[in-house]
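This report describes a protein chain in two parts.

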Amino acid sequence: MSELRQDPTTREWVIIATERARRPHEFVRDKETPRNYPLRDPKCPFCPGNESETPPEVLRYSKPGTKEWQVRVVPNRFPALSPKGTVSRRTEDSLFRSMDGFGVHEVIVESPLHNVSIATMGYSDVELVLHAYRERFNALKVNPNLKYITIFKNYGETAGTSLVHPHSQLIATPVASHEAKRKRDTSAIFEDDTGSCLYCHLIHTELMMRKRIVEVTDDFVVFHPFASRSPFETWIAPILHQPSFALAPEDKIPALARVLRDTLKAIATVLKDPDYNLVLHTSPTDDEYDHYYDWHIRIIPRLTTVAGFEMGSGIYISTALPENTAAFMREQISASRRVKNAAGAQALTGA
Ligand SMILES: [Zn+2]
Ligand SMILES: [Zn+2]
């Protein structure tokens, strides 16, 4: 029999269709999406040499002692929202509320190389990307009209990207989304009822149960959530309470870069480089010190499609058990480590 599961962080119900469930290895794609891109594409607006094709940059990290950039942040050429405009609301016939399309839409160009991805980048390069996320978040949050900042990444065509060059996006909005409010309200009610942080409690419980954990480091845990909306949905969360990503201790960024790179590399290796979306969930800009929320990164590999029932009901149907997919990832990761260690030992002994 299939099972309905409630996501404790949103109270949203998900159907885990166990009867239609596929075994984890059945989600491994037949073949990788061909991504044989050149190191540099003269037509790409994000490649070095084409900087004039983007609006003037708002942040640049350069290689020490050179003019070559490593990470650039630029306003989106075709922004969903613009910093011009006001946040005053208009209401027509007491029903139709609207406001200017005020906000900020930026692109974080993650590397000068056209054909890399976070999964294939070095740890120090991923660190720079995370520093750029924080720096832009902290710069924009001082504007009291920007209520919520979403940092996200669309990798591959089915995940919604139109440009191959490795990049993430940031959209700062004058209103918090329904999703952000629901997550916040759910954790606030939990804190009111129990006096505890919902996310700390969730992470502690996942660590105790060990059923859905993929990886644990000193500072972070990687797991497949209990009510995963889609197969292999993966969360990366800090083990200790940290409401705001932008205020998380700076000395933890190298550790986060490692765990993020390794997680995306494992997904790419095991599932044959699927498209994915990555979203950073963090506290709203005006409540970065709250007791009931922890930032976390959600990675959603695009292995299935959202269809009519999901659109009509808001209830997702997942065809995989997160306990099974997490176990599968653990096995695959430890198998690849055994191979690597054996190869390392051979190299050391000259065998
Ligand atoms: Zn490029
Ligand atoms: Zn917490």
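## Terms and source

A residue is buried if 20 or more other C-beta atoms lie within 10 Å of its own, exposed if 12 or fewer, and partly exposed in between, with C-beta atoms placed from the backbone. Helices (H or I, at least four residues) and strands (E, at least two) are DSSP runs, numbered from the N terminus.

This is a predicted model, in which local features need pLDDT of at least 70, side-chain atom pairs count only at pLDDT 80 or more, and totals for chains, interfaces and linings use all residues. Residues are numbered from 1 along each chain as its sequence is written, and chains are lettered from A and ligands numbered from 1 in the order in which they are written.

## Helix 3

In helix 3, the buried residues are Leu198, Tyr199, Leu202, Ile203 and Glu206. Viewed down the helix 3 axis, these buried residues fall within an arc of 125° (taken from the directions from the axis to the C-beta atoms), so they line one face of the helix. Thr205 and Met208, on the other side of helix 3, are exposed.

The cover over the buried residues of helix 3 includes helix 2 (178-194), strand 10 (213-216), strand 11 (220-223) and strand 12 (234-238); contact here means C-beta atoms, placed from the backbone, within 7 Å. After helix 3 comes Arg210, with a positive phi near 60°.

## Whole chain

The protein chain has 6 helices and 15 strands. Of its 351 residues, 35% count as buried. The C-alpha trace spans about 70 × 55 × 40 Å along its principal axes.

Conventions
Contact = placed C-beta atoms within 7 Å.
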